[in-house]
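Work through these exercises with the sequence and the 3D view side by side. Try each task before you read its solution.

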Amino acid sequence: MSAESETDADAEAESETTVAQLFGKWDVTDIEYHDPSTERYITITPIAHTMGRHASKQFQKSEISIVERLINRLMQTGENTGKKQQTTRMVREAFDSIHAQTDENPIQILVAAVENSAPREETVRLKYGGISVPKAVDVAPQRRVDQALKFIAEGVYSASYKTSTDVDEALAQQLIGAANDDVQTYSVNQKEEKERVAAAAR
């Protein structure tokens, strides 16, 4: 192989490595999943902004990156609505903080946090005549991921709104706590509460 061919091969390999990294630094290829029910709904890609290409097709939200779904969920407040670049920067800084605190891949921490924050049971209300009765039901895997992202975003908002805590630091703490299955973390606490209410309604 000529020197020029070797250079081209090295450049191509380097390009592929760069493409496979989220924010240009986090590897997305060796992520471990511990919950087989939600694995197919937690998509990991190196793209953090798909410009809404999934929006026109039903049930395809799970095909975009879980990182972008987190960013979109964090934007769903009055102060951050539509601020995609600002929210993306906050998530990038939170990932840097997570790596500094845990020395682990922050995408792996995010996946573990989503798995630990996803409720397995919830309640619905059934009407018998004029009486409304709560009934425990299993949660679909896709809804489990939706609920986990919602709880994480709510936890970040409550920890950072009108406090001295920055959003990126609040997000880092929420994800680390949820990844460690810490019941003091808002998202894990909400999951436990939902499952407790469902257990009482069996």
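**Exercise 1: The span of H5**

Solution. Start with the expected span, which is 1.5 Å times one less than the number of residues. Then look just past the helix. H5 is followed by lysine 162, whose phi is positive, near 55 degrees.

Before you go on, note the ground rules. This is a predicted model, in which local features need pLDDT of at least 70 and side-chain atom pairs count only at pLDDT 80 or more, while totals for chains, interfaces and linings use all residues. Residues are numbered from 1 along each chain as its sequence is written, and side-chain values use heavy atoms, with hydrogens and water left out.

**Exercise 2: The overall plan**

Task: How many helices and strands does the protein have, and what pattern do they follow along the sequence?

Solution. Helices (H or I, at least four residues) and strands (E, at least two) are DSSP runs, numbered from the N terminus. Count them: the protein has seven helices and four strands. Read in order, they give α-β-β-α-α-α-β-β-α-α-α. Now turn to burial. Buried means under 20% relative accessible area, exposed over 50%, and partly exposed in between (1.4 Å probe, protein chains only). Of the 202 residues, 42% count as buried. Finish with contacts (heavy atoms within 4.5 Å). Among contacts with a separation of 6 or more, 61% join residues 24 or more positions apart.

**Exercise 3: Helix H6 and its cover**

Task: Find how many of the 13 residues of H6 are buried, and what covers them.

Solution. First place the helix. H6 runs over residues 167-179 and reaches 18 Å from its first C-alpha to its last, close to the 18 Å expected. Ten of its 13 residues are buried, so H6 is largely enclosed by the rest of the structure. Among the buried ones are Asp168, Leu171, Gln174, Leu175 and Ile176. Now find the cover. It includes helices H2 (66-74), H3 (84-102), H4 (106-117), H5 (141-160) and H7 (186-200). After H6 comes aspartate 181, with a positive phi near 60 degrees.

**Exercise 4: Where H4 meets H5**

Task: At what angle do the axes of H4 and H5 cross, and which residues meet?

Solution. Two packed helices are described by the angle between their axes and the distance between the axes. Axes here are lines fitted to C-alpha atoms, for helices over the stretch in contact, and angles run from 0 to 180 degrees between N-to-C directions. The axes of H4 and H5 come within 8 Å and cross at roughly 105 degrees. That makes H4 roughly perpendicular to H5. (Under 35 degrees counts as roughly parallel, over 145 as roughly antiparallel, 65 to 115 as roughly perpendicular and the rest as oblique.) On the H4 side are Ala113, Val114, Glu115 and Ser117; they meet Arg144, Val145, Ala148, Leu149, Phe151 and Ile152 in H5. Sort the residues of this contact: seven are nonpolar, one is polar and two are charged. (Ala, Val, Leu, Ile, Met, Phe, Trp, Tyr, Cys and Pro count as nonpolar, Asp, Glu, Lys and Arg as charged, and the others, Gly among them, as polar.)

**Exercise 5: Aromatic pairs**

Task: Classify the two aromatic pairs of the structure.

Solution. Rings of Phe, Tyr and Trp (its six-membered ring) pair if their centres lie within 6.5 Å; planes under 30 degrees apart count as stacked, over 60 as edge-to-face and the rest as tilted. The structure holds two such pairs. Phenylalanine 23 and phenylalanine 95 have ring centres 6.1 Å apart and planes at 65 degrees, so this pair is edge-to-face. Phenylalanine 23 lies in the loop between strands E1 (21-22) and E2 (26-27), and phenylalanine 95 in helix H3, 72 residues apart. Phenylalanine 95 is buried, at 0% relative accessibility. Tyrosine 157 and tyrosine 161 are stacked: 5.0 Å centre to centre, with 15 degrees between the planes. Tyrosine 157 is partly exposed at 33%, and tyrosine 161 is partly exposed at 37%.
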